[in-house]
Amino acid sequence: MLVQSSRFRFLFHPIQKLIPSSLSFSVASSAMDSASPSMLFLCGKSSTESEIAKSLKINDTLNLPNGGKVSALLQSEINTFRFGEDAFNVDLFLNSLSTKRFGRFLIWSPLLPSTHDIVSHNFCELPVGTVCVADTQFKGRGRSKNAWESPRGCLMFSFTLQMEDGKTVPLVQYVVSLAVTEAIKDVCDRNGFPFIDVRIKWPNDLYLNGLKVGGILCTSTYKSKKFNVSSDSLAEPLARFKLMGCDPVNFLKVNF
């Protein structure tokens, strides 16, 4: 299911101003990465998830691989920063959420190396169904250890789930790919948007008019007789869709 937003919001304006035009996105992001911890806003749908957020912050639990540091902040602290109108709308996301598990605990960051690193590296510390969303990431993971830079306009999120049957774990990436394509078609149909015929290219790529516009990556570890699965999704910037003759008009936030 997708949650409507009045605008296509994926990047903080202040971050744009921090990156000198003379520098490449990669160089600027790397510099920012080494200079300060990544900000993580820990948000909850109910008091239960909010208490988890407080505990994670107080105990300074979360971190990145290879000793990477993060700065954990609470949802109530978002308004102490000036992120601009194009910031991810956490309140809209949580207020529109109707699930029993997925997305109820949300981690949102303006800039991350990778949403995958957050959910996979901290899997055991997070409630199952946690979703991590970033407006910009510069060390995203792909198949065959490919690295992806995802600048302004991309939709990037990762979520966690647990499974006991190892035979079904490989099917997760196919289910997620299908869910994304069906969600796009459904929201266009329900809101009168132009039809966007996003299709799956086996096994995990999303294509539109012959060009790749997104991808799904799932990884898992086995612990205590359960498979801990981290699923990542990346959609291309709005401009890419427009170049292919499609306009996803006011496109929306992903909600599980």
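Biologist: What percentage of the residues in the protein are buried?
Modeller: This is a predicted model. Of the 256 residues in the protein, 48% are buried.

Biologist: In what order do the strands of the nine-strand sheet come?
Modeller: The order is β3-β2-β4-β5-β8-β12-β11-β10-β9; the sheet is open and its pairing is mixed.

Biologist: Which strands stand at the edges?
Modeller: β3 (70-74) and β9 (199-201). Each has a single partner strand, so one side of each has no neighbour in the sheet. From one strand to the next, the twist averages 25°.

Biologist: Do me one pair in detail. Do β5 and β8 run parallel or antiparallel?
Modeller: Antiparallel, with four bridges joining β5 (residues 131-134) to β8 (residues 155-163). One partner in β8 is Phe 157, which is bridged to Val 133.

Biologist: Which strands does helix α6 touch?
Modeller: Helix α6 (residues 172-191) packs on the sheet and touches β8, β9, β10 (205-208), β11 (211-223) and β12 (226-235). The direction of α6 makes about 145° with that of β11.

Biologist: Last topic, contacts. What share join residues at least 24 apart?
Modeller: The share is 70%, taken among contacts between residues at least 6 apart in sequence.

Definitions and conventions:
Residues are numbered from 1 along each chain as its sequence is written. This is a predicted model: local features need pLDDT of at least 70, side-chain atom pairs count only at pLDDT 80 or more; totals for chains, interfaces and linings use all residues. Side-chain values use heavy atoms; hydrogens and water are left out. Two strands pair if DSSP finds at least two bridges between them. Helices (H or I, at least four residues) and strands (E, at least two) are DSSP runs, numbered from the N terminus. Axes are lines fitted to C-alpha atoms, for helices over the stretch in contact, and angles run from 0 to 180 degrees between N-to-C directions. Contact means heavy atoms within 4.5 Å. Buried means under 20% relative accessible area, exposed over 50%, partly exposed in between (1.4 Å probe, protein chains only).
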